[in-house]
Amino acid sequence: MTTRGVLYVHSAPRALCPHVEWAVAGVLGARVSLDWIRQPAAPGTWRSEFSWQGSVGTASKLASALRGWDLLRFEVTAEPCASAEGERYSATPELGIFHAVTGIHGDILIPEDRLRAALARSQRGESVLEAELAKLLGKPWDDELEPFRYAGEGAPVRWLHQVV
């Protein structure tokens, strides 16, 4: 079963750009050459985005290949298909990686056990329920990435297909 999605590299230092391409190529099994443009939200960094098509799980593999690199901000999305829900990964140097399952309309689907755990933490006084729900929805990542998303509007998108 195949799906498709988009990789948004919101900001990367110039020296990291070829490493991002190599990591993505390793996941997709094909040579990758991204179109990099300056990221005005963080002078001295670059951004790129492209659409991909591959097997279910490709978004997870892309996120894993890119996670942990300091100064890299990115998002990976995968559309739902007949055999899998959609996915969204967001990553920032300060917050690390966020993962959410998404439905057919792009809504974040929060598993029952995660909701129950958030409720239990708030009932024990360990946290505030509103803050717990915000984390489950990825709000801290959205807040940090929003200026980088806005700065990238109008950027070109390139379709890449995974070699199977």
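This is a predicted model: local features need pLDDT of at least 70, side-chain atom pairs count only at pLDDT 80 or more; totals for chains, interfaces and linings use all residues.
Because E132 lies in helix α4 and R121 in helix α3, the pair ties together parts that are eleven residues apart in sequence. E132 counts as buried, at 6% relative accessibility, whereas R121, at 28%, counts as partly exposed.

## Nonpolar patch on the surface

Helices α3 (112-123) and α4 (129-136) each supply at least two residues of a nonpolar patch, which is formed on the surface by L115, L119, L129 and L133 and has about 280 Å² of accessible area together. L129, found in helix α4, has a relative accessibility of 34% and counts as partly exposed.

R88 counts as buried at 12% relative accessibility, and E75 counts as buried at 7%. Both belong to a network of salt bridges that also links D142, E146 and R149.

R73 forms a salt bridge with E94, their closest N and O atoms being 4.0 Å apart. R73 lies in strand β4 (residues 73-78), while E94 lies in the loop between β5 (86-92) and β6 (96-102), so the pair ties together parts 21 residues apart in sequence. R73 is buried, at 14% relative accessibility, but E94 is exposed, at 53%.

## Packing of α1 and α2

Helix α1 (residues 17-28) packs with helix α2 (residues 58-66) at an angle of about 150°, their axes lying 9 Å apart. That angle makes α1 roughly antiparallel to α2, and the crossing of the two helices is right-handed.

Notes: Residues are numbered from 1 along each chain as its sequence is written. Side-chain values use heavy atoms; hydrogens and water are left out. Patches are made of residues with over 30% relative accessible area and no salt bridge: like charges are joined within 9 Å, nonpolar side chains (Val, Leu, Ile, Met, Phe, Trp, Tyr) within 5 Å. Accessible areas come from the Shrake-Rupley method with a 1.4 Å probe; for residues, only the protein chains shown count as cover. A salt bridge is a side-chain nitrogen of Lys or Arg within 4 Å of a carboxyl oxygen of Asp or Glu. Helices (H or I, at least four residues) and strands (E, at least two) are DSSP runs, numbered from the N terminus. Buried means under 20% relative accessible area, exposed over 50%, partly exposed in between (1.4 Å probe, protein chains only). Axes are lines fitted to C-alpha atoms, for helices over the stretch in contact, and angles run from 0 to 180 degrees between N-to-C directions. Angles under 35 degrees count as roughly parallel, over 145 as roughly antiparallel, 65 to 115 as roughly perpendicular and the rest as oblique. A crossing is left-handed if the near helix is turned anticlockwise from the far one by less than a right angle, and right-handed if clockwise.
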